[in-house]
Amino acid sequence: MIELKAICKSFPGVKSLDQVNFSASAGEIHALLGENGAGKSTLIKVLAGAYTPESGTITLGGVPRIWAAPKQAQQAGIHVIYQELVLFPDLSVAENIFIGHAPRTRWGLIDRKAMIQKTEVALSQLGHRLDPRARVGDLSVADQQMVEIAKALSHDVKLLVLDEPTAVISGKEVVALFERLRRLRDRGVCIIYISHRLEEIFALADRITILKDGKNVRAGTVAEFDRASLVTAMVGRPLADLYPPRPAQTKTAPIVLAACNIHLPPRVRGVDVNVRAGEIVGLAGMVGSGRTELAHAIFGSMARTKGRVTLEGEEVPPGNPRLSIQRGIGFLTEDRKAEGLLAQLPVYANITAPNLTAYTRLGFLRRPQEVALAARDIERFRIAVPGPTSGVWHLSGGNQQKILLSRWMAIKPKLLVLDEPTRGVDVGAKAEIYRLIRALAAEGVAVLLISSELPEVIGLCDRVLVMKEGRLMGELQAEALSEESIMTLATADAPAQGEAA
Amino acid sequence: MIGRISPQALVVPLLLLIALTVGAVVNERFLTLGNLRNFTEQLAALGFVSLGQAFVILGGGIDLSIGAIASLAAVLLAGLHGGNEALFIPSLLLVLAGGAAVGAMNGWLTVWLRVHPLIVTLGMASVLSGITLLYAPQPRGSVPFWFEGFAFDSLAGVPLSGLLLGALFLITALVLTRTPFGRRVYAVGGNAEAARLSGLSVKPTIITTYALSGFFAALAGAYYVSRTGVGDPHAGDALTLASLTPVIVGGILLGGGRGGLGGVFLGVLLISLLNNLLNYMNLSTFVQWWCKGW
């Protein structure tokens with residue numbers, strides 16, 4: 001159905017794609033894998049006409065094609081759904097789906113009736129129920145994704161590309177998305193699927209193509225791979241173990257964080273959390289269960305309405321991130337672009353931001369010291385940047401995340417709260433981040449880890465608290481951790497009394 | 001913040017050079033010392049307000065009350081002392097502090113009401129213009145003779161106002177690049193939420209940028225008084241928009257968080273030079289406006 005042959009594409013200084021071949025046929029779900037920077041996005045953009053390759057051919061349905069503009073690729077039935085959805089929040093579902101090609105009445109006006117009817121048809125093809133008149137801004141991200149897919153269907157899509165669609169949804173929504181994608185596949189649509197989550201690949205894909213450093217590494221049916229061979233192909237070396245070993249547990253270490261009866265309506269309704277020195281405590285639950293808000297309430301970036309937080313016995317006042325940092329709490333936020341990186345500032349300034357007083361003498365910043373710290377961390381954490389004074393915006397997710405981790409390690413925290421620390425981070429960098437977190441705990445730092453990726457929670461945590469609708473549903477020790485035990489608690493009806501910490 | 005030479009950074013110096021060359025060709029008096037002094041004197045007011053505007057815009061805001069603050073400062077400075085020279089210095093200090101206070105008020109309103117600074121500062125400008133015209137429907141007041149030296153005296157051939165402007169530019173550049181406050185301005189302007197979550201104090205930083213802008217606006221007002229010897233209620237009218245041009249031409253991102261003072265300085269030079277040049281070319285004021293638009 002689609003075949004790309006010997007595609008080359010360079011950017012100043014980098015050969016992003018080097019003689020890359022890719023083919024996928026109608027009625028299959030084809031996973032495109034690779035670390036960040038392997039060339040997946042570039043390949044997709046070549047496919048969709050956003051980039052013109054220097055050499056190579058694109059064949060669609062047996063006909064060689066050259067895209068002069070993305071519009072041509074779209075007319076040929078290629079539709080890409082990017083992570084950042086491009087919808088108009090103030091328009092209705094139907095208006096979004098038919099934007100630019102709305103059905104017209106005799107008088108040239110938009111035929112609302114026909115539009116709503118056609119929307120219902122498109123959604124029912126997907127097997128998704130949604131009010132065509134609903135305002136898109138009011139929908140959940142998962143529903144918005146369905147609107148994007150329905151939009152693609154309205155264009156008579158032949159090839160649908162999804163770039164990390166599950167990065168923003170969770171649990172049941174993922175299951176529903178997969179079910180809908182399989183339905184599309186069975187109708188003969190070719191689906192190219194990009195994800196960092198290997199479980200999803202095995203659950204969904206029929207065939208796999210792996211890129212590394214802009215070159216083909218391996219391709220084949222999903223049956224030819226197992227987890228280990230997939231990771232090895234992506235990273236280029238066997239990943240002995242993604243998760244570092246757990247140390248012998250000291251359940252007697254002193255309690256660092258004691259949070260009592262935390263309330264932050266409407267999302268957090270009376271939660272107790274204790275974390276001991278050197279312990280990695282996981283916070284699991286569905287998206288929207290109040291995990292992130294609990295983290296904000298502990299850190300003070302959202303003011304809790306009730307409850308007490310102490311750090312090594314010392315009171316942490318509500319609603320003041322600056323004081324929390326001074327007390328020794330670090331908080332790696334969920335959305336690193338909106339809430340983490342200081343995008344306009346260089347690497348060193350990003351690292352020293354919470355800690356400026358330590359780098360000030362007589363009212364002036366000691367830039368050489370700042371740069372030296374950054375240089376040390378770049379080496380220590382193997383951050384791939386040109387230098388301590390270069391910018392951070394264009395770096396890959398993994399490197400940006402390492403810079404933010406380095407920021408919080410530099411304050412010498414007693415408690416580190418990590419919210420989705422490996423979101424959008426490739427496998428190789430993930431393993432390094434896990435190692436960093438474990439090493440930090442080994443130094444006696446208490447770690448509170450929020451993650452939607454269950455394997456990560458199971459592989460890394462010493463103890464897991466499960467939340468649902470703002471309450472703690474129960475606690476699981478390392479031995480009792482499994483996807484089933486966590487999901488059971490996360491979807492249970494009432495808190496399992498007595499088990500809660 | 002990072003010193004890198006980009007093609008855009010070369011545009012302004014190039015334009016400066018062109019303006020100088022054209023000036024030299026058009027009129028033989030253009031490159032004389034006399035005109036240089038004249039030029040530096042014209043430069044000062046624009047320079048002061050651009051500094052203030054640069055702070056505010058780097059911090060992610062915009063200040064449209066600069067002209068109104070300058071006008072009010074001018075009439076108050078010329079009028080308050082009522083001819084009693086002993087009261088002049090206190091009223092000068094009062095006016096400068098008042099400018100900073102009005103600026104801080106701008107900042108406080110944007111931060112606490114979460115209203116866009118365009119609206120806050122425009123509203124403030126309107127209120128201040130009203131007060132100015134109530135107090136002085138036409139130019140009034142006077143200044144002690146010695147104060148006119150601020151505009152007309154010079155030290156070793158360089159006008160005092162030029163020296164002051166140069167010094168302020170250097171100090172400001174130092175503050176922006178070498179102090180925690182400067183770092184906070186860039187961080188807050190770039191991403192206020194990320195800055196807050198990094199434990200940086202966002203609201204005080206924003207308020208301070210507006211206070212500085214108010215202070216510089218009042219200073220520009222005082223400078224006008226020293227040049228004309230009288231408090232003109234329309235002295236600062238053109239300054240608000242004029243303060244934006246060098247900042248933007250100088251490469252400071254209008255959304256905040258990026259850009260340096262070097263560009264602003266060149267921007268101030270270029271705009272003033274353009275004004276001066278157009279004067280020499282004997283073009284009417286309206287044609288001058290048209291040219292600047294380009």
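Mentor: R438(A) counts as partly exposed because it has 17 C-beta neighbours inside 10 Å. The classes work as follows: 20 or more other C-beta atoms within 10 Å of its own make a residue buried, 12 or fewer make it exposed, and anything in between is partly exposed, with C-beta atoms placed from the backbone. Please note that this is a predicted model, in which local features need pLDDT of at least 70 and side-chain atom pairs count only at pLDDT 80 or more, while totals for chains, interfaces and linings use all residues. Residues are numbered from 1 along each chain as its sequence is written, and chains are lettered from A and ligands numbered from 1 in the order in which they are written.

Trainee: Which helix holds R438(A)?

Mentor: R438(A) is in helix α15 of chain A. Helices (H or I, at least four residues) and strands (E, at least two) are DSSP runs, numbered from the N terminus.

Trainee: What is the strand order of the open sheet in chain A?

Mentor: The order is β16-β19-β20-β13-β21-β22, which makes 6 strands with mixed pairing. Two strands pair if DSSP finds at least two bridges between them. β16 (329-332) and β22 (471-477) of chain A are at the edges with a single partner strand each, so one side of each has no neighbour in the sheet. From one strand to the next, the twist averages 20°.

Trainee: And what does α15 of chain A touch there?

Mentor: Helix α15 (residues 427-442) of chain A packs on the sheet and touches β13, β19 (415-419) and β20 of chain A. Its direction makes about 150° with that of β20(A). Axes are lines fitted to C-alpha atoms, for helices over the stretch in contact, and angles run from 0 to 180 degrees between N-to-C directions. Contact requires the C-beta atoms of two residues, placed from the backbone, to lie within 7 Å.

Trainee: Is strand β13 of chain A mostly covered or mostly open?

Mentor: Mostly covered: 5 of the 5 residues of β13 (residues 280-284) are buried. I280(A), G282(A) and A284(A) point one way from β13(A), whereas V281(A) and L283(A) point the other way.

Trainee: Which strands pair with β13(A)?

Mentor: β13(A) runs parallel to strand β20 (residues 446-450) of chain A, joined by 4 bridges. In that pairing, V281(A) stands opposite L448(A) and G282(A) stands opposite L449(A). β13(A) also pairs in the parallel sense with strand β21 (residues 463-468) of chain A, over 4 bridges. There, G282(A) stands opposite V464(A).

Trainee: Let me step back. How is chain A divided into domains?

Mentor: Domain 1 covers 2-235 and domain 2 covers 255-490; such bounds come from an automatic or database domain assignment. The centres of the two domains of chain A, taken over C-alpha atoms, are 32 Å apart. Across the boundary, 13 residues of domain 1 are in contact with 13 residues of domain 2. Helix α8 (residues 227-235) of chain A gives the most to the domain 1 side, with 3 residues.

Trainee: What classes of residue make up that domain 1 side?

Mentor: There are 4 nonpolar, 5 polar and 4 charged residues. Here Ala, Val, Leu, Ile, Met, Phe, Trp, Tyr, Cys and Pro count as nonpolar, Asp, Glu, Lys and Arg as charged, and the others, Gly among them, as polar.

Trainee: On to chain B. How many of its residues are in contact with chain A?

Mentor: 21 residues of chain B are in contact with 25 residues of chain A. On the chain B side, α8 (180-190) and α9 (192-197) are the elements that give two or more residues. That side has 9 nonpolar, 7 polar and 5 charged residues.

Trainee: How many helices and strands does chain B have?

Mentor: Chain B has 13 helices and 2 strands. Of its 294 residues, 49% count as buried.

Trainee: At what angle does α4(B) pack with α5(B)?

Mentor: α4(B) and helix α5 (residues 117-135) of chain B pack at about 145°, with their axes 9 Å apart. V102(B), N106(B), L109(B) and T110(B) in α4(B) meet P117(B), V120(B), T121(B) and M124(B) in α5(B). By class, this contact has 5 nonpolar, 3 polar and no charged residues.

Trainee: And how far apart are the axes of α4(B) and α10(B)?

Mentor: The axes of helix α4 (residues 88-113) and helix α10 (residues 202-228) of chain B are 6 Å apart, at an angle of about 145°. That contact has 18 nonpolar, 9 polar and 1 charged residues.
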